[in-house]
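The sequence and structure come first.

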Amino acid sequence: MHQTWWKEGIVYQIYPRSFKDTTGNGIGDLRGIIEKLDYIASLGIDIIWLNPVYDSPNDDNGYDIRNYRTIMEEFGTMSDFDELLAGMKARNLRLVMDLVVNHCSDEHEWFQQSRSSRDNPYRDYFHWWPAEKGAPPKRWSYFDVNENAWQYDTHTDAYYLHYFAVKQPDLKWENPKVRQEIYDMMHFWFQKGVDGFRMDVIPFISKDTTYPEINATAPHEYIAYYSNGPRIHEYLNELNREVISKYDAFTVGEGPGIHIDQALDFVHEDRKEIDMFFHFDLMSLDRKPGEVFTMREDAWKLPEFKKIFSDWDTAFAKAGWGSLFLANHDFPRSVSRWGNDSPEHWKNSATLLHTFLLTMRGTPYFYQGDEIGMTNVRFTDIEDYRDINTINRYEHVKNSGGDLVAFMESEQHAARENARTPMHWDASQNAGFTSSTPWIRLNPNYTNGVSVAHQETEDYSVLSYFRKMTAVRKSNLALVYGDYECLHPDHEQVYAYTRTLGADRFLILLNFSDDTVTYILPQHITYNRKVKVISNALILDDQTYKEFMLGAWQAVVYRLED
Ligand code: GLC
């Protein structure tokens with residue numbers, strides 16, 4: 001297996017709007033990130049993925065870009081950006097930018113031109129359906145109040161396509177001029193010194209421009225269709241050839257709709273497309289079948305969780321590479337979702353999840369605040385939400401006479417803004433995030449031990465464990481590249497696996513439950529001596545060869561010696 005920095009690196013994702021405000025406008029900014037660079041470096045991470053910082057009217061918090069080559073005013077200036085990048089380089093941190101090119105903002109110059117007349121030179125930068133052909137074939141939209149991805153535009157008596165919000169028209173990659181504009185823009189950022197891109201909804205860029213009727217009803221059926229456009233691999237290959245291949249860069253795609261059987265078509269080294277992508281199987285595990293944002297009724301089960309990770313590990317065991325994540329800015333907080341954030345189990349479950357991600361094969365991604373175990377905010381009032389996704393879906397449910405109480409209850413677990421409340425720096429007013437009113441309400445538990453300042457002073461904190469655990473990964477290449485074997489796929493409480501590289505062998509035991517459990521190793525795992533590498537709790541009993549007593553949410557890593 002080819003070894004390289006982006007396989008060995010640990011990624012830390014920053015959502016700038018909620019990271020640190022230095023200007024007192026209630027919105028995080030680039031200078032806030034500059035201020036915290038020493039802190040970020042102290043975490044033992046190597047790569048920062050920055051959510052979009054480009055000029056935007058913020059209909060979807062920066063995922064609606066008005067100008068790809070300027071910085072959003074609320075976040076600062078290009079010279080702040082340059083200083084940030086220099087500060088990262090001085091600390092050996094790499095920077096991955098968000099690349100949002102399936103769509104842009106309707107306020108982008110291209111779209112302004114495009115919508116102005118049918119014969120404008122920019123007309124063919126977007127997907128238009130002339131009204132005289134009748135209503136276009138149905139396309140489902142993520143954020144549209146009516147879930148309709150076609151928006152009628154009076155200026156030219158035509159509909160334009162928007163898979164996301166009305167203010168996010170889809171760019172027409174079929175037009176070579178559009179592709180060239182995007183490649184030029186990527187060169188602009190590479191020449192500044194960025195190290196790569198996280199590519200927003202990248203499988204959606206290729207479309208069948210005959211816009212046929214499609215056989216889909218549930219959102220997942222549409223998404224599967226969107227991610228299987230006829231020219232997707234041609235575009236990714238061209239983008240790699242024209243841009244990526246010219247730099248020591250890495251690319252990670254957001255991969256909604258990519259089926260595991262297609263995974264290597266995107267990331268096999270020989271195909272020269274992208275390096276890795278985020279699959280959505282885990283993110284769908286606690287959702288209603290076919291739905292994106294609605295919670296399923298029963299609880300997810302550990303064997304289902306393991307199967308997802310084991311299957312994807314197998315997919316990349318011989319070629320390609322995987323990305324590992326439990327949370328990001330689009331999903332609820334990791335400890336609330338996959339652990340147990342009640343006071344009794346919060347600390348162990350947060351540290352168990354850190355142990356997990358940092359002992360699996362693939363590149364691990366953490367989202368800001370994970371390192372201190374930030375939890376879901378669980379807003380109860382629609383007025384507390386700022387996200388177009390929650391607000392427009394609320395309207396949709398209301399207009400269609402749906403159950404708003406059930407919707408609000410589901411959002412407490414599913415809403416993206418669970419992850420977007422401001423970072424907790426300390427226990428002072430507004431958690432040290434801003435000196436004025438934050439753009440979104442804080443999670444009140446920043447006075448309750450969930451803050452950086454508090455955890456810096458504790459002997460044993462989620463934060464101190466996170467730092468120890470990143471050091472463990474970085475000093476053991478077997479945890480990066482080693483073979484993975486899941487020991488008891490059907491065990492409902494314990495996730496046990498080994499990682500092996502040559503003579504280096506690790507045993508990882510994770511008790512994903514509120515109970516104390518005795519775990520018995522399978523027959524075929526033999527060893528002479530085991531050495532504890534790290535654990536998030538006192539070892540209860542591991543005196544015998546095969547039997548391990550694990551406390552609630554206990555995580556232990558052993559080195560096995562022959
Ligand atoms: C991706 C982003 C999400 C955004 C959407 C539209 O899923 O992660 O935040 O809303 O694309 O750009």
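## The largest pocket

The largest pocket holds about 540 Å³ of space. It is lined by 33 residues, and those closest to its centre are Tyr-142, Ile-223, Pro-256, Gly-257 and Phe-280. The model is a predicted one.

Two helices, helix 7 (219-226) and helix 10 (281-284), each give at least two residues to the lining of the largest pocket. Sorted by class, the lining of the largest pocket consists of 15 nonpolar, nine polar and nine charged residues.

## The ligand and its shell

The largest pocket is where the ligand sits. Around the ligand there are 14 residues, and the closest of these are Asp-60, His-103, Asp-200, Glu-254 and Asp-330.

The shell around the ligand is made up of seven charged, four nonpolar and three polar residues.

## Polar contacts and cover

For Arg-198, the distance from a polar side-chain atom to an oxygen atom of the ligand is 3.0 Å. Arg-416 likewise has a polar side-chain atom 3.0 Å from an oxygen atom of the ligand.

On its own, the ligand has 300 Å² of accessible area, and the protein covers 96% of that area.

Definitions and conventions: Residues numbered from 1 in each chain as written. Predicted model: local features only at pLDDT ≥ 70, side-chain atom pairs only at ≥ 80, totals over all residues. Heavy atoms only, no water. Near = heavy atom within 4 Å. Polar contact = N/O pair within 3.5 Å; in protein donor to acceptor, adjacent residues only side chain to side chain. Areas by Shrake-Rupley, 256 points an atom, 1.4 Å probe, with all protein chains shown as cover. 1 Å grid on protein atoms, 1.4 Å probe; cavity = no way out; pocket = protein on both sides within 12 Å on 5 of 7 lines; lining within 4 Å. Sits in = over half its atoms within 2 Å of the grid points. Nonpolar A, V, L, I, M, F, W, Y, C, P; charged D, E, K, R; others polar. Points joined across faces, edges and corners; volume = space filled by probe spheres on them. Helix = DSSP H or I, 4+ residues; strand = E, 2+ residues; numbered from the N terminus.
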